Amino acid sequence: MKISILIPTCNRPQFLRECIESAIRQTLPADEILIGDDSSDDSSQEVVRQIAAKCRSIKISYFRHCPALGQSGNVSHLMKVSKGTHLTLIHDDDWLLDEALEKLSKAFDVPDVIVSYGRQILASDSGVLNYDSIESINSSFWRSSADAGLQNDIRECALCGQFPNNGWLVERNAALKIEYQDIKNEFGTGSDFRFSALFSEANPRGKAFLVDANTAVYRASIKSIARTKNCSTAAMHAFPYVLSKYPEFNSHRVAYWLSWNAPVAVGQAIKNKSLKKAWRWFFTKWHLKSIFTLGAVKRTILLGGLIVKVLGDAVMSRIPASKYNR
């Protein structure tokens with residue numbers, strides 16, 4: 001097994017250093033570390049130069065993208081130029097725990113395994129680990145000790161969110177069946193989730209393995225939180241996709257995912273002024289399960305406001321400008 005660690009980065013040099021150093025510290029050394037840089041200045045390049053000058057044990061390759069490729073295009077490029085038989089993706093603001101590759105690689109001793117992943121630990125923007133979050137952040141995605149081991153269906157693993165956003169180890173040939181750079185166009189800001197879904201569809205006979213260990217850290221950075229609150233469309237795109245698959249995957253895991261994400265999807269549809277989607281999803285059984293919550297009341301008010309705005313705009317568009325410019 002030869003492992004390539006892929007690190008896409010954009011304007012976060014202070015986090016990138018920690019991420020690369022975590023890749024170097026692995027108890028099972030990777031064969032190469034590849035950094036794809038979409039940054040608008042040379043700060044990240046300088047970080048890579050400093051680290052590469054001191055690191056003699058692992059090959060570090062750096063790719064500067066001008067113009068920027070975007071996250072999906074960046075990851076796609078790194079996958080294509082990698083030389084390993086297996087790939088690990090880790091975003092620049094997250095990092096791998098020291099024994100991650102060693103533990104994840106052992107799962108491939110099991111026949112037909114094409115992807116392995118473990119549990120995530122949540123960290124603050126400053127990098128402080130929240131160990132109390134381990135159960136809460138993982139149990140909702142079926143990553144508890146009770147769920148560990150070989151999984152029954154790789155497609156269900158993707159649909160219920162067990163397949164994490166990064167920190168996984170996958171067979172390179174299986175991953176390259178997916179054109180990662182086209183994912184953003186098809187799936188909004190939910191490229192990580194969409195990759196797991198398409199990956200599982202392209203490799204339905206492959207197996208997923210949940211390692212019973214903490215393997216990666218997910219940083220709740222200020223930029224990530226702002227993106228989620230203000231302009232994310234991840235749930236808005238993931239929800240209808242999973243909903244369309246539910247008749248085939250009628251499992252308690254997928255049902256839980258739909259119930260948990262319906263309110264988020266409705267909220268994002270309202271924020272993005274997508275009235276038809278918000279209206280349709282609002283009255284699904286998955287959203288109605290949370291209808292007696294304060295969040296649902298807020299969404300009802302916002303949806304009503306959006307309806308009034310859309311109707312008002314429609315009426316105004318039919319009135320000749322001369323009528324209301326007098």
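Student: Which residues in α9 meet which residues in α11?

Tutor: Phe193, Arg194, Ala197 and Glu201 in α9 meet Ala238, Tyr241, Val242 and Lys245 in α11, where contact means heavy atoms within 4.5 Å. This is a predicted model, in which local features need pLDDT of at least 70, side-chain atom pairs count only at pLDDT 80 or more, and totals for chains, interfaces and linings use all residues. Residues are numbered from 1 along each chain as its sequence is written, and side-chain values use heavy atoms, with hydrogens and water left out.

Student: What makes α9 roughly parallel to α11?

Tutor: The axes of α9 (residues 191–202) and α11 (residues 234–245) cross at roughly 25°. Angles under 35 degrees count as roughly parallel, so α9 is roughly parallel to α11.

Student: Why is the pair of Phe239 and Trp281 called edge-to-face?

Tutor: Rings of Phe, Tyr and Trp (its six-membered ring) pair if their centres lie within 6.5 Å, and planes over 60 degrees apart count as edge-to-face. The ring centres of Phe239 and Trp281 are 5.5 Å apart and their planes stand at 65°, so this pair is edge-to-face. Phe239 lies in helix α11 and Trp281 in helix α13 (residues 275–282), 42 residues apart.

Student: How do you know whether Phe141 is buried or exposed?

Tutor: Buried means under 20% relative accessible area, exposed over 50%, and partly exposed in between (1.4 Å probe, protein chains only). Phe141 has a relative accessible area of 19%, so Phe141 is buried. Trp260, with 43%, is therefore partly exposed.

Notes:
Axes fitted to C-alpha atoms, helices over the stretch in contact; angles between N-to-C directions. Helix = DSSP H or I, 4+ residues; strand = E, 2+ residues; numbered from the N terminus. Parallel < 35°, antiparallel > 145°, perpendicular 65-115°, else oblique. Phe/Tyr/Trp six-rings, centres within 6.5 Å; stacked < 30°, edge-to-face > 60°.
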